Amino acid sequence: MQRVSKEQNFETAALLRDQLQNLEWLLKTPVSPDEYIVNPNLAADLRQDAIEALADVIPNVAGKSMHRIEFFDNAHLAGSAPTSAMAVAIDGEITPRHYRHFTIKKAQSNSDVDMMKEVMDRRLKNKDWPRPDLIVLDGGRPQLSINTDFPNVIALAKKQEIIYLPQGGEIKLPRTHAGLRLLQRLRDEAHRFSRRLHHKHRRQEVLK
């Protein structure tokens, strides 16, 4: 995966990354059906554990509501057909009906940071959508440099799975951390959703 990334073959690198994440998911310890029999509310309890575990490690949100978490990811091919997507978790549950697509309109380069800034500006100006408790950007320190007015914004970097904080700190959680797993699922959904619109735009360009 590192080799193809260095060779600028980003789509292949993304595919390999997804395959590795799927393998990690298959190898994780499954929940026994007996546990659901003992506790019919186990799924809801696990979701609550995930958002509480996440809130415990992120400054400014500890002890506060984590009702709505939004994850943003961009998709483009060397700057062409750029799109973005917002994946949403409500009380720790992935909720596709709240997902939103964005077609990048203003960013003129293949700068992921410029694209993210445009999307965040458009999202935060939209008063019709519920206000999030936490916004997560796909990326690292550069993505956090867009300097939104929203207070609770973090970034999650691929590969090392490092959480970057706007105050300058970093958090490295174990792969088994329930909060990190929630963010990874949201990232996968945002990535899938943004690529879907990206591929649609590319097909339209080919037809033209």
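Colleague: What should I know about the model before we start?

Modeller: It is predicted, so local features need pLDDT of at least 70 and side-chain atom pairs count only at pLDDT 80 or more, while totals for chains, interfaces and linings use all residues. Residues are numbered from 1 along each chain as its sequence is written, and side-chain values use heavy atoms, leaving out hydrogens and water.

Colleague: Happy with that. Why is the contact between E161 and R187 called a salt bridge?

Modeller: The term asks for a side-chain nitrogen of Lys or Arg within 4 Å of a carboxyl oxygen of Asp or Glu. E161 and R187 meet at 2.7 Å, N to O, so the pair qualifies. By this rule the count comes to nine salt bridges.

Colleague: Where in the chain do E161 and R187 sit?

Modeller: They link distant parts of the chain, 26 residues apart. E161 is in the loop between β6 (153-157) and β7 (162-164), and R187 is in helix α7 (residues 178-207). Helices (H or I, at least four residues) and strands (E, at least two) are DSSP runs, numbered from the N terminus.

Colleague: How do you know whether E161 and R187 are buried or exposed?

Modeller: Buried means under 20% relative accessible area, exposed over 50% and partly exposed in between, with a 1.4 Å probe and protein chains only. E161 has 3%, so it counts as buried; R187 has 1% and therefore counts as buried too.

Colleague: What about D121 and K117?

Modeller: Their side chains also meet in a salt bridge, at 3.4 Å, N to O. Because D121 and K117 are four residues apart in helix α5 (residues 112-125), about one helical turn separates them. D121 is at 31% relative accessibility, so it counts as partly exposed, and K117 at 37% is likewise partly exposed.

Colleague: And what makes E70 and R68 a pair?

Modeller: A salt bridge joins their side chains at 2.7 Å, N to O, and both E70 and R68 are buried.

Colleague: One last thing: which residues touch the most other members of the largest nonpolar core?

Modeller: They are I69, L134, V136, I154 and I163, out of 27 residues. Such a core is a set of buried Ala, Val, Leu, Ile, Met, Phe, Trp, Tyr and Cys residues joined through side-chain atoms within 4.5 Å. Helix α7 gives the largest share of this core, six residues.
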